[in-house]
Amino acid sequence: MNKRKVLALLLALAMVLAVFTACGGTETEEPVSSGGGESVAPTIDGEIAYVSYYTTIPYWNDGLRGLEAAAEDLGIDFDRTKNFYGPTDGSGADQARIIDELVAKGVKGIIVSPIDGDAILGACENAMNNGIPVITVISGMNDTSTYYGELGASNYNVGVTGGTYAADLIGGQGKVGILTIPGVPVHDQRAQGYVETLESYPGIEVLPLVNTDADPAKGQERAAALIQANPDLKVLIGTDSVGGAAAARAVKEAGKVGEIVVIGMDRDEDLLGYIKEGTVTASVASKSFSTKYMAMQYMYWILTDTMEDIGPGVTDVANGIPPIPLVTDTGTMVIDSSNVDLFLDALGK
Amino acid sequence: MVEGISDGGKMSGRDDIVNKQKTTGAITRTMMQQTEFVLIILIVIMCILLNSINEGFFTAANFRSMSRGFAIEGFIVIGMCFLLITGVFDISVASVMAVSGYVFTSFAMAGVNTWIALLLALVSGGLVGLCNGLIITKLKVNPFITTLATMTICRGLVLAISQGNPIRLSTPEFNAFSAAEIKGVPVMFIVLVIVLIVLDLMLRKVRWFRQLYFIGGNENSAELTGINVMRMRLILYIIIGTLAALGGALSSSRLSASVPTAYVGTEMKLMVACVIGGCSLNGGRGTLFGAALGLAFLFLLDNGMVMMGIDIYWFQGILGVFLIAVVLINTFSSTSVEKSQSRAREKGIRLS
């Protein structure tokens with residue numbers, strides 16, 4: 001059937017052409033040299049890559065803003081459309097593979113949000129051995145020789161902060177439900193922080209954890225079921241912004257706004273809106289901007305080797321002294337009705 | 001009990017064929033009735049069990065919340081069931097939900113009348129269905145590959161346009177689509193039930209719909225009897241695209257937001273619901289009633305596990321166990337019908 005073959009070929013060709021014209025400037029795999037409009041040469045000759053995971057969720061936007069701001073202040077070439085990598089799911093194997101590819105490509109530095117403490121150890125070690133400094137953000141890894149340092153809020157402490165806040169609000173008495181994504185270490189640690197903090201109050205009962213599968217629709221369904229199963233539920237907590245928003249919607253649909261305290265996580269526009277209207281009481285947000293800004297600053301210090309801990313004129317990196325702290329705790333901020341307007345205004349809404 | 005078995009008397013050639021069709025039809029009908037019967041029993045048992053564990057289960061509020069989610073996916077399961085009966089399927093529905101939800105929400109946000117926005121969303125879904133249908137029927141590409149491709153393209157499109165950001169909209173008109181109730185029952189649930197009953201009856205009685213079984217049973221024979229298989233499949237793909245768009249729009253209305261990363265895995269859930277309800281991946285079997293029961297079963301399972309407070313890490317495993325159990329029950333009941341068929345044959349009763 002020649003006509004059919006020709007038709008199929010033309011269709012395929014048309015689709016491929018459409019793809020190339022459509023993503024002219026938005027490819028994230030092959031960075032195109034952007035030095036065109038700048039009058040000053042960048043201070044770092046090469047690429048600094050940022051690798052995370054579940055890359056399509058909006059949570060990363062503030063961090064990317066931080067990286068770009070620091071890059072601009074320091075004269076580094078960094079752009080989220082060119083230097084942001086990572087699997088669209090939570091695959092550690094994919095994250096490790098991407099880091100290997102970046103090493104092979106010859107990037108100058110890698111900032112990474114590790115999926116867990118083990119999956120990318122080999123890839124990071126490989127990078128460090130090839131003279132490519134690795135800095136982690138949000139969490140560290142289980143072998144501290146494979147990276148220079150980690151920046152982030154302790155996920156466990158997120159749970160402590162949020163848990164204490166919630167417990168105080170309900171006077172230390174009542175049932176608490178937690179929506180989370182089991183198996184993702186960041187969430188497991190937050191959930192653990194919440195559970196252990198809340199269980200220290202004798203009057204509080206922590207219900208079995210509920211899985212949102214990182215899906216807002218499923219999260220809402222399961223939160224609704226939890227509310228129905230426990231009519232005396234006092235607090236609903238989300239260990240991420242999806243969980244927080246799902247809890248808010250479920251509470252709203254059940255008509256229990258004001259009866260059930262909702263504590264969310266992070267600062268998606270979605271969640272901020274719910275804080276503004278009063279459905280969500282508070283959100284524990286990491287300082288993602290400053291965390292990533294500092295990470296870029298740290299990377300700059302390492303690559304330009306400008307720290308002189310040994311003495312004047314004697315630089316650190318060249319002499320085997322790590323110039324940055326191993327652990328930098330960047331802490332969290334609580335967003336509630338008293339300051340939500342600041343955050344909303346910042347989004348331009 | 002098999003009707004229409006000839007008692008060994010003299011039959012002319014044409015009557016043979018008519019009788020065989022009647023017999024096969026009767027056997028298939030009995031099998032399907034058993035599947036639905038089994039599902040109803042399972043659902044009733046589950047409800048009783050769950051209610052005894054947690055009284056929060058059998059409340060109007062719980063059912064109201066479940067019925068909304070059920071309605072959203074129920075519309076799409078109709079399309080999936082039709083496709084499976086003809087021996088094909090569509091795994092792009094989840095992405096179509098995301099895209100159409102985004103179209104619906106964007107236009108509504110821009111001030112367009114919500115009904116017009118809905119229409120535009122439905123058209124967008126129908127167009128994707130048209131693409132799927134054309135590639136599968138005219139270019140004869142495998143349905144799995146085709147719908148896999150559209151699934152990734154649509155998802156990529158909505159992610160690129162939205163940059164991963166959900167868009168939030170909460171106006172009375174927008175929320176009314178999913179929130180509207182009559183006497184405490186969500187309107188979309190009522191509409192779904194009516195549509196299900198009407199279409200299920202048509203699937204059993206109306207000739208155009210009966211032809212779907214012939215196509216699924218033996219595509220070549222169906223072609224030879226004059227059924228335009230290509231055109232029917234094309235129509236079905238457009239239908240499921242539109243239904244997925246409806247589901248996406250309703251979901252956006254319920255979430256007060258269009259979340260571009262949502263609904264992942266819905267296509268699998270819908271296919272599982274159809275298979276539990278009696279559809280076969282090879283085609284030729286299944287009813288809408290069965291598919292709806294299968295979906296209800298899955299919803300109750302999910303709801304029930306949260307109600308029972310089952311350890312989050314056991315969730316997936318238990319879900320899998322239940323699924324195998326139901327499918328085994330189905331297989332067992334269909335095997336027992338086949339056994340009685342062969343027993344009848346041994347006794348010398350002519351089945352043709």
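The structure is a predicted model, in which local features need pLDDT of at least 70 and side-chain atom pairs count only at pLDDT 80 or more, whereas totals for chains, interfaces and linings use all residues. Residues are numbered from 1 along each chain as its sequence is written, and chains are lettered from A in the order in which they are written.

Chain A is divided into domain 1 (40-153 + 288-330) and domain 2 (155-286), with bounds that come from an automatic or database domain assignment. The centres of these two domains of chain A, taken over C-alpha atoms, are separated by 31 Å.

Chain B contains 13 helices and 4 strands, where helices (H or I, at least four residues) and strands (E, at least two) are DSSP runs, numbered from the N terminus. Of the 352 residues in chain B, 43% are buried, that is, 20 or more other C-beta atoms lie within 10 Å of their own, with C-beta atoms placed from the backbone. Among contacts in chain B between residues at least 6 apart in sequence, 79% join residues at least 24 apart.

Between the chains, 32 residues of chain A are in contact with 31 residues of chain B. Elements that each supply at least two residues of the chain A side include α1 (2-22), α8 (216-229) and α9 (241-253) of chain A, and α8(A) gives the most to that side, with 10 residues.

Terms used
Buried ≥ 20, exposed ≤ 12 C-beta atoms within 10 Å, placed from the backbone. Contact = placed C-beta atoms within 7 Å.
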